[in-house]
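Me: I am new to this one and would like to learn how its parts get their labels. Could you walk me through it?

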Amino acid sequence: MDTKGIAIMKKRSGFEARKLAVTVAVSVSLAAIIQAHWFSEGAGGRIYRWRQAVADRESMAVFSGTREEKEAGSSAQVQSRKAAVSEDEANEIYRENSEQLVLVNRENPLSPAYDAMLQQICGGRLEASSRLYGDLQAMFADAADVGHTFWIASAYRSREKQQELIDEEADALMAEGMSREEALDEIYRETMPVGCSEHETGLALDILVSGNMEMDQSQEESVGNRWLRENCQDYGFVLRYPEDKSSVTGVDYEPWHFRYVGKRAARFLKNHGLTLEEFYQLLEV
Ligand SMILES: [Zn+2]
């Protein structure tokens, strides 16, 4: 499926008379899902404060309590919360399997040398890392046992696909009179730069509940999505972009985006309420 064509067609319908003929056979609902994903994942860029969060480590709620507590000067409470998270354990978990804990965001592009260890999933419709395959099968089987079924809307995406999307969108904007620099500034407000999408690791999955193909906040309202959010850590997955952590992750809440990190890491992150960015702040690397 030509995702870039769909995304751009939907975004700039006037420009795409030619592409319309090519893509007319594509399901509108699937196009909407893909478009929603491409652009939603980068939407947090407008509120992106990861750099500041790192610089101001004390402001990160997980280490030091809420901002209100900080401002109230309750340092004893702050210290006790810090002690509850074992940096030694975090480092041990990281050393066990740093490859599947790789951090990818706007500040940390994925190395081109990273081996995603891809294999086909969903009957060959998608590719994902073989690192997650067994646990994904177990998670879906156990979910099905209690009545929940899902549709994986997106898994691995190559950086070539991301580059094609950006280039075509830039061409369209330049055709409207923007310079290339202006076009790229506009695009990067809502689209991850090449190398910065976690989907390039093969470890990220966009999982929709059966019966709701909308990749939006309505996913959260389903019992299937709640089951995933409550149980995914037992299969090595985490909800990567939680609602209350967008200032840390730089990405708005995505109840459908799950990231494989392995069971021990996933339980550690869940137990301590940590994002992957916050986990990395515990490491000595
Ligand atoms: Zn995603």
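Me: What share of the 285 residues in the protein chain is buried?

Reply: Buried residues make up 36% of them. Keep in mind that this is a predicted model. Its secondary structure comes to 15 helices and six strands.

Me: Why is Glu 169 called buried?

Reply: The label needs 20 or more other C-beta atoms within 10 Å of the residue's own. Glu 169 has 23 other C-beta atoms within 10 Å, so Glu 169 is buried. You will find Glu 169 in helix H10, residues 159–175. The C-alpha atoms of Glu 169 and Leu 184 are 8.7 Å apart, with the two residues 15 apart along the chain.

Me: What makes a set of residues a nonpolar core?

Reply: The members must be buried, be of kinds such as Val, Leu, Phe or Cys, and be joined through C-beta atoms within 7 Å. The largest nonpolar core here has 39 residues, and Cys 232, Phe 237, Val 238, Phe 258 and Leu 269 touch the most other members. Helices H8, H9, H14 and H15 and strands E3, E4, E5 and E6 each supply at least two residues of this core. With five residues, E4 gives the most. As a general background, nonpolar side chains in soluble globular proteins tend to be buried together.

Me: Which residues is Val 238 in contact with, leaving aside its neighbours within four places in sequence?

Reply: Contact calls for C-beta atoms within 7 Å. Beyond those neighbours, Val 238 is in contact with Cys 232, Gln 233, Phe 258, Arg 259, Val 261, Ala 266, Leu 269 and Lys 270. For the protein chain, take the contacts between residues at least 6 apart in sequence: 71% of these join residues at least 24 apart.

Me: How do you know that E4 and E6 pair?

Reply: Pairing asks for at least two bridges between two strands. E4 and E6 have three bridges, in the antiparallel sense, so they count as a pair. Ala 204 stands opposite Arg 259 in E6.

Me: Why are E3 and E5 called edge strands?

Reply: The open sheet has four strands in the order E3-E4-E6-E5, with antiparallel pairing. E3 and E5 each pair on one side only, and that makes them the edge strands. Neighbouring strands of this sheet are turned by 40° against each other on average, direction ignored.

Me: Which helix lies across E3, E4, E5 and E6?

Reply: That is helix H12, residues 223–231, which runs at about 145° to E4.

Definitions and conventions
Residues numbered from 1 in each chain as written. Predicted model: local features only at pLDDT ≥ 70, side-chain atom pairs only at ≥ 80, totals over all residues. Buried ≥ 20, exposed ≤ 12 C-beta atoms within 10 Å, placed from the backbone. Contact = placed C-beta atoms within 7 Å. Axes fitted to C-alpha atoms, helices over the stretch in contact; angles between N-to-C directions.
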